[in-house]
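Hi there,

Here is the structure I promised to pass on to you. Have a look at it first, and then read on for what turned up.

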Amino acid sequence: MRREAVVLLAGLFWALAAGAQSPPAASPPADNEVPAGASIYARPRSPTRLETREGRLVRPGAEVDANDVLEEILDEFAADIARLGANRVSPILLERVRVSDNMNPEFASIIEARLIAAIYRAANVRVVRCYECYATHAQVEDGAWVVRRGISRREDLQQLMKKYNTQVVLNASLTLHTAPNALAFDVELVRAEDASVFFAEGYRVHPHTALLYRSADKVQSREARLKDLQDRIDARPHFNHALHLGAMIIPTEGHPEGAVWAPYTAYRFTEAFGEERTWRLGGTVAGIVNPSRLVGGILSATLLSRLNRENVYSINCFGGGSVGMLLTGVQGNSPLFNAQAECVMAHRISLQASLGILVPFASSTDSTYTIGGLTPQLGMGFTW
């Protein structure tokens, strides 16, 4: 009996000791460790916001294929439809695409197909073809036989829109100009419920630079010309600056070392003028340094003109000349006449070359030789 009581007490103490011990705390998860059963949802990245720029078609070269121009025009119009929104214009009732008299009338159906394809590529918009818009209708009205072609009344248009379940009517026309060559595409979206013009735009292609612009862009160019005219009235000049670095060769006669090779540094300051500001007139300050032979400066008046039409893809070249004076202070001074050319490769860096005539003069330090003749110069520059 005593033995059983001892065993019972020992078991009771063991149970009390085990209950007093708390279970070990779970170790905290390590950094960046995902708990079991957790899910990770990545936040969608915001799309890159592109800068809105004016749509232009600019191609290098003197010619642009008309098909490329037409595709760009139709894609630009399709992009406008996408910006308007499908819920505001879809479905669109395509009435008809017209072409100018100097084009083949059968080409209109090809333009319609390209136009619909461009809209489908750019926007989720449904286009419906109108078969009754240019059909011939005949009926008797008040005892008279009346023949109509197309839609002649607003009520007919509203009934037609309800029949096709469309919101707007699309009218488009393509015009080909031949003097000079240019394409013009004019579109118009009309609401049937009140016959109001919902959207209208004109797309043009510049005949020389192949720039694709809208009707509003022409207004902007007129505004720019008006600002330029106002600048002329207010006597506000348009200045241009250039810094040139290169080498110059000055021939000599009677000197044992021959012609003088010297580094050439010049700063040119000009003002643009002319109807399209293609001319530049100003002054040039230059310096030539050959420590052992010749040190001097050149002061000259410069006149330049643009040689090619302005184009963002092509190299812009200028040609002209300058009349100035070589000032040495020691060897002597003499007039200098230059014919020069300059090409701006992109926007700022330019290549420059000139061929001048320095009127020969006898050196005041050593009268046994003369300085002057054909003086070529070559270098590169930075314009702004």
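Phe382 counts as partly exposed, because its relative accessibility is 40%, and partly exposed covers the range between under 20% (buried) and over 50% (exposed). Please keep in mind that this is a predicted model. You will find Phe382 in strand β17.

Now for the cysteines. In general, a disulfide is a covalent bond between the sulfur atoms of two cysteines. The count for this model comes to 1 disulfide. Cys317 and Cys343 form it, with their sulfur atoms 2.3 Å apart, and that qualifies because the cut-off is within 2.5 Å. The two ends belong to distant parts of the chain, 26 residues apart: Cys317 lies in strand β14 (residues 316–327) and Cys343 in strand β15 (residues 333–344).

Is the disulfide right-handed or left-handed? The torsion about the S-S bond of Cys317 and Cys343 is about 105°, so the disulfide is right-handed.

The two cysteines also fall into separate accessibility classes. Cys317 has a relative accessible area of 18%, so it is buried. Cys343, at 24%, is partly exposed.

Technical notes: Residues numbered from 1 in each chain as written. Predicted model: local features only at pLDDT ≥ 70, side-chain atom pairs only at ≥ 80, totals over all residues. Heavy atoms only, no water. Helix = DSSP H or I, 4+ residues; strand = E, 2+ residues; numbered from the N terminus. Buried < 20%, exposed > 50% of the residue type's maximum accessible area, 1.4 Å probe, protein only.
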